[in-house]
Amino acid sequence: MIVQEDFCDLGCGECLHGADLGFDFTMAFQPIVNIQTQSIFAYEALVRGLHQEPAGMILEKINQTNRYRFDQACRVKAIKLASELQMPCYLSINFLPNAVYRPELCIRTTLAAADEYGFPIDQIIFEITEGERVEDQAHLREIIEYYQKRGFKTAIDDFGAGYAGLNLLAEFQTDFLKLDMALIRHIETDPIRQAIVKGILHVCRDLGITPIAEGIETAAELTSIQEMGIELVQGYFFAKPAFEALGEPQWGSELSPKT
């Protein structure tokens, strides 16, 4: 692990403008909805280029030397936009687990941004993005526990894909667990996926974790996960990510996925 403690004093202004990144970016927001109450539970902040370039074009520029600065910039940009858009619910921000070294120092930028832009810290969820292997799971547990003590909610993103698996739950328990879309796709006709998801839901109940189903695209998928007792969902069936805006979900099981 490369220690980057000297970066922990970055200010909001530096992070907002991508200091020393060599590129700039912004955010789109996709709703996470409660299908039981038909309300918006949260918006996930998703990286986009300034001209609406997809996340992949931005993420391919991230490396070991700029990972920390990018992670901090994501937080500040998401909080600033959420405040400007008067987001009334949770804001879900992805963070790179290998970019956070000393949580008590690195969280300062987040706290400063929340204070400067007037966004409540108890409305922030940090999602662990697992596109890369966690180098130190014990340290990640320390980060999660520290965030929770400071009043932030936490989530494991893309559970069931990549490096996000049961071994993480054995180390620490987040507030939410987001089921990867690969587990949800065509689940209404796939007894194997149904069995796997039911098993994960049983673990969530035992551990007091709230599940979120990602990637809902059809009414049949929605009906299937609803019958399993999942209330929080996200996907194109309700809304695509809205560029620098808070998209409104469409309700009703008769709807087709938005394109």
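This is a walk through the structure shown above, from its overall make-up to a few individual residues.

The model is predicted, so local features are given only at pLDDT of at least 70 and side-chain atom pairs only at pLDDT 80 or more, while totals for chains, interfaces and linings use all residues. Residues are numbered from 1 along each chain as its sequence is written, and side-chain values use heavy atoms, with hydrogens and water left out.

Let's start with the whole protein. Its secondary structure comes to ten helices and nine strands; these are DSSP runs numbered from the N terminus, with helices being H or I of at least four residues and strands being E of at least two. Of the 259 residues, 51% count as buried. Here buried means under 20% relative accessible area, exposed means over 50%, and partly exposed lies in between (1.4 Å probe, protein chains only). The accessible surface comes to about 11,400 Å², and 49% of it belongs to carbon and sulfur atoms; the areas come from the Shrake-Rupley method with a 1.4 Å probe, and for residues only the protein chains shown count as cover. Among contacts with a separation of 6 or more, 69% are between residues 24 or more positions apart, where contact means heavy atoms within 4.5 Å.

Now step inside. The largest nonpolar core has 63 residues; such a core is a set of buried Ala, Val, Leu, Ile, Met, Phe, Trp, Tyr and Cys residues joined through side-chain atoms within 4.5 Å. Phe 25, Phe 70, Leu 91, Leu 179, Ile 225 and Val 233 have the most contacts inside this core. Helix α3 gives the most to it, with eight residues. Leaving out residues up to four places away in sequence, Phe 25 touches Val 47, Arg 48, Leu 50, Ile 58, Phe 70, Ala 73, Cys 74 and Lys 77. There is also a second, separate core of eight residues, including Ala 42, Ile 125, Phe 176 and Leu 232.

Next come the charged pairs. A search of the whole structure finds ten salt bridges, each a side-chain nitrogen of Lys or Arg within 4 Å of a carboxyl oxygen of Asp or Glu. In one of them, the side chains of Asp 24 and Lys 77 meet with N to O at 2.7 Å. Asp 24 sits in the loop between α1 (12-16) and β1 (26-34), and Lys 77 in helix α3 (residues 67-84), so this pair ties together parts that are 53 residues apart in sequence. Asp 24 is partly exposed at 30% relative accessibility, whereas Lys 77 is buried at 7%.

Glu 221 and Arg 185 form another salt bridge, with the closest N and O atoms 3.0 Å apart. This pair links distant parts of the chain, as Glu 221 is in helix α10 (residues 219-227) and Arg 185 is in the loop between α8 (181-184) and α9 (191-207), 36 residues apart. Glu 221 is buried with a relative accessible area of 0%, and Arg 185 is buried at 19%. Elsewhere, salt bridges that share partners join Glu 44, Glu 127, Lys 178 and Glu 214 into one network.

Two strand residues deserve a visit. Thr 26, in strand β1, is buried with a relative accessible area of 6%. Its side chain makes a polar contact with the side chain of Glu 244 at 2.5 Å; a polar contact is a pair of N or O atoms within 3.5 Å, where within protein one must be able to donate a hydrogen and the other to accept it, and residues adjacent in sequence count only if both atoms are side-chain atoms. Ala 155 lies in strand β5 (residues 153-159) and is buried at 2% relative accessibility. Its C-alpha atom is 7.0 Å from that of Lys 178, 23 residues apart along the chain.

Finally, look at helix α5 (residues 108-117), where Thr 109, Thr 110, Ala 113, Ala 114 and Tyr 117 are buried. They lie on the same side of α5 because they cover an arc of only 135° around the axis, taken from the directions from the helix axis to the C-beta atoms. On the other side of α5, Asp 115 and Glu 116 are exposed. Gly 118 follows the helix, with a positive phi near 70°.
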